Amino acid sequence: MRLTILTTFFRNKQDVIKIYENYKKNLSSENIKYFFVNDNFQDEVWNEIEKIAKNDENITALCFDKNYGQLSAIKSGIENITDGNILYHDGDTIIDKSFIEKSLLLINGKEADIVWGQPKQSVLGQPISSGFFLRNVFKLIYKFFSKQNYYYKSLFLINETVLKITKNAFKGGESIIGEILTSMDVKQKFLQAEFEHNYKNSRYNFFSKFFHAIKHLTPYLENIYLKSIIASSLLSLFLLIIIILTFFLRLLGVVSFLPGWFSIILITIFLNVVVIFLICLTSLFNIEQIKNINKKKPIIEKMINKK
């Protein structure tokens, strides 16, 4: 049975070659195809994909006209893969070959229809920037804002039967791959895998997402919760300005009030509100992308297909 490795990229050109070379080095090329999705316009990532595709007829790739979000990229990739098993993993991750070999044994031996990958490393050993903490905070915020659970998996292998069911689910209007797969009545197994992450990847970098959300702030202003947070931030900022002014007035001997402990409380409140604002705005940006999966069908600007 043919295996197609599906990977999505967004502004992480350095990972394209690393991921591709890792597979070429550790896996037999027999019956293995690669499907790369550039979730952006024709940028440096696409240029890298075109370079390696010139010398490898097993590569299929597509490039959008702009960024539509990771779930849309996964969906487009699956819709364009016709048959066989599919291994998906995030574009910032290099997976060890033992996970693939063990997963294929389970799939080919009909012991599993879906194999999920779980990281071996301790959660406590991951840096905050890896997104573990923020991802779980986001899950809570997503549940609060959208009244739904957040389903997302970064590594899985599915067989051809699951592929067909997934495509039918897409046609029926479903769009979140994690929700579709976890709800299937099929045999599912979990395996540990060695992950090598690029923590600076802009798709998963919290601050990159925040600044991207700031550029598109207007739609989120309709959210009553965000309005409250912004109002609290402005109030806290006003209080901070008062603290600073009062501090200088005390230095000049003009005033002698505002005890030190009160200043600390006000500063703490301000910083906490700012952090909440950052996390909520970034989470709302993610939610907006998820909600728009079926509303905005990605426009495929370029495609490499050597089948």
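Is glutamate 50 buried, partly exposed or exposed? Glutamate 50 is partly exposed, with a relative accessible area of 25%; here buried stands for under 20% relative accessible area, exposed for over 50%, and partly exposed for values in between (1.4 Å probe, protein chains only). The model is predicted, and local features therefore need pLDDT of at least 70 and side-chain atom pairs count only at pLDDT 80 or more, while totals for chains, interfaces and linings use all residues. Residues are numbered from 1 along each chain as its sequence is written, and side-chain values use heavy atoms, with hydrogens and water left out.

Side chains of opposite charge can pair when their charged atoms come close. With a salt bridge taken as a side-chain nitrogen of Lys or Arg within 4 Å of a carboxyl oxygen of Asp or Glu, the count comes to 4. One of these joins glutamate 50 to lysine 302, with the closest N and O atoms 3.3 Å apart. This pair links distant parts of the chain, since glutamate 50 lies in helix α2 and lysine 302 in strand β10 (residues 300-304), 252 residues apart. Helices (H or I, at least four residues) and strands (E, at least two) are DSSP runs, numbered from the N terminus. Lysine 302 is partly exposed, at a relative accessible area of 32%.

A salt bridge is also formed by the side chains of arginine 2 and aspartate 83 (2.9 Å, N to O). Arginine 2 belongs to the segment before β1 (3-9) and aspartate 83 to the loop between α3 (70-79) and β4 (85-90), so the contact ties together parts 81 residues apart in sequence. Both residues are partly exposed, arginine 2 with a relative accessible area of 22% and aspartate 83 with one of 30%.

Within helix α2 (residues 44-53), glutamate 48 and lysine 51 are 3 residues apart and thus separated by about one helical turn. Their side chains meet in a salt bridge at 3.5 Å, N to O. Glutamate 48 is buried, its relative accessible area being 12%.

Aromatic contacts were examined next. Rings of Phe, Tyr and Trp (its six-membered ring) pair if their centres lie within 6.5 Å; planes under 30 degrees apart count as stacked, over 60 as edge-to-face and the rest as tilted. A search of the whole structure finds 7 aromatic pairs. In the pair of phenylalanine 64 and tyrosine 68, the ring centres are 5.4 Å apart and the planes stand at 85°, so the arrangement is edge-to-face. Phenylalanine 64 and tyrosine 68 are both buried. Ring pairs also link Phe9, Tyr20, Tyr23, Tyr34 and Phe36 into a cluster.
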